[in-house]
Amino acid sequence: MSTVDQRRERASAGVPLRDEDVWRDGFARPRVFLQPIAAPSALGLAGFSVATLMVSLIQAGWLGHWSDMGVVGLFAMTFGGIAQFAAGMWSYKARDVVATVAHGMWGAFWIAFGLLQIFILTGRLSAPVPGAPNYALGLWFFGLAYMTGIVATAATAENLGIAAVLWTLAVGSGLSSAGWFISGIGNGWLGAGGVLFIISAGLAAYMVLAMSLLAMTKRTILPLGHYKKEANVPGRQPLEAIELGWAEPGVKQGQ
């Protein structure tokens with residue numbers, strides 16, 4: 001058995017590396033220390049789905065009234081805002097650029113949205129007037145539209161499930177931006193944006209379910225939209241732990 005094989009055998013058996021294993025030819029051998037984490041997007045998509053669904057039902061005119069935004073906004077700020085923003089930071093740890101930007105951006109939006117409702121409830125800011133344009137909110141959704149479109153384009157290269165969530169979200173933001181610029185509450189563009197948001201929230205809920213089932217069973221139960229066929233066939237086991245015999249268990253890049 002070679003020296004390298006002996007070192008690997010000792011490492012696999014949990015025997016600590018000796019100095020001669022760590023040092024070779026006067027240079028330190030690299031060690032790998034990784035921390036496996038759950039998929040942060042499960043939490044991020046959950047917070048996004050619930051917050052978006054509640055607000056978009058009102059925006060589309062399907063349920064509730066605009067006066068309900070004050071109460072809805074507080075929950076959107078905590079679950080859709082704080083929780084999703086935290087998921088974005090954990091996505092950074094998972095080295096997932098798209099999830100980091102998407103969850104960080106929309107988490108920040110829902111925090112700002114909740115604060116806006118607090119300011120309106122306390123009389124520090126006036127509520128949007130029906131039939132009147134609101135350029136400030138139009139600018140909010142304009143920024144969300146083009147940045148969400150950017151990450152949606154990137155997501156399309158890897159995962160059609162996440163891309164579907166982001167594309168409907170980007171289009172809904174664009175329609176909402178147009179609606180606020182034109183005439184605000186009661187505008188058809190704003191209502192259409194609300195419908196797209198509802199669709200995006202539903203797609204996000206599906207992805208949360210698919211990701212949760214995959215995490216619990218280690219098998220594909222519902223297709224996740226990956227381009228690899230084996231990742232979308234029910235019953236397949238697409239995830240395999242990446243292990244280094246001389247180090248610690250590793251994690252794959254992304255989620």
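This is a predicted model: local features need pLDDT of at least 70, side-chain atom pairs count only at pLDDT 80 or more; totals for chains, interfaces and linings use all residues.

Trainee: Which values describe two packed helices in general?

Mentor: Two values are used: the angle between the axes of the helices and the distance separating those axes. For helix 3 and helix 5, the angle is about 40° and the axes are 11 Å apart. Angles under 35 degrees would count as roughly parallel, and the pair is therefore called oblique. The crossing of these two helices, helix 3 and helix 5, is left-handed.

Trainee: At what angle do helix 3 and helix 8 pack?

Mentor: Helix 3, which spans residues 40-59, packs against helix 8, residues 188-217, at about 150°, and their axes are 8 Å apart. Because of that angle, helix 3 is roughly antiparallel to helix 8. Their contact comprises 15 nonpolar and nine polar residues, with no charged residues. Helix 3 and helix 8 have a left-handed crossing.

Trainee: Let us turn to pockets. What volume does the second largest pocket have, and how many residues line it?

Mentor: A pocket can be read through its volume and its lining. The second largest pocket has a volume of about 360 Å³, and 24 residues line it. Nearest its centre lie W66, M69, F113, Q117 and P128. Helix 3, helix 4, helix 5 and helix 6 (135-156) are the elements that each give two or more residues to this lining.

Trainee: Which element gives the largest share of that lining, and how do the residues divide by class?

Mentor: Helix 5 gives the largest share, with eight residues. By class, the lining of the second largest pocket contains 18 nonpolar and six polar residues, and no charged residues.

Trainee: Finally, how is a pair of aromatic rings described?

Mentor: One states the distance of the ring centres and the angle of the planes. The whole structure holds 13 aromatic pairs. In one of them, W106 and F197, the ring centres are 6.4 Å apart and the planes stand at 75°, so this pair is edge-to-face.

Trainee: Which parts of the chain does the pair of W106 and F197 tie together?

Mentor: W106 belongs to helix 5 and F197 to helix 8, so the pair ties together parts 91 residues apart in sequence.

Methods:
Residues are numbered from 1 along each chain as its sequence is written. Side-chain values use heavy atoms; hydrogens and water are left out. Axes are lines fitted to C-alpha atoms, for helices over the stretch in contact, and angles run from 0 to 180 degrees between N-to-C directions. Helices (H or I, at least four residues) and strands (E, at least two) are DSSP runs, numbered from the N terminus. Angles under 35 degrees count as roughly parallel, over 145 as roughly antiparallel, 65 to 115 as roughly perpendicular and the rest as oblique. A crossing is left-handed if the near helix is turned anticlockwise from the far one by less than a right angle, and right-handed if clockwise. Ala, Val, Leu, Ile, Met, Phe, Trp, Tyr, Cys and Pro count as nonpolar, Asp, Glu, Lys and Arg as charged, and the others, Gly among them, as polar. On a 1 Å grid over the protein atoms alone, a cavity is a set of points where a 1.4 Å probe fits but cannot get out, and a pocket is an open set with protein on both sides within 12 Å along at least five of seven lines; lining residues have an atom within 4 Å of a point. Grid points are joined across faces, edges and corners, and a volume is the space filled by probe spheres set on the points. Rings of Phe, Tyr and Trp (its six-membered ring) pair if their centres lie within 6.5 Å; planes under 30 degrees apart count as stacked, over 60 as edge-to-face and the rest as tilted.
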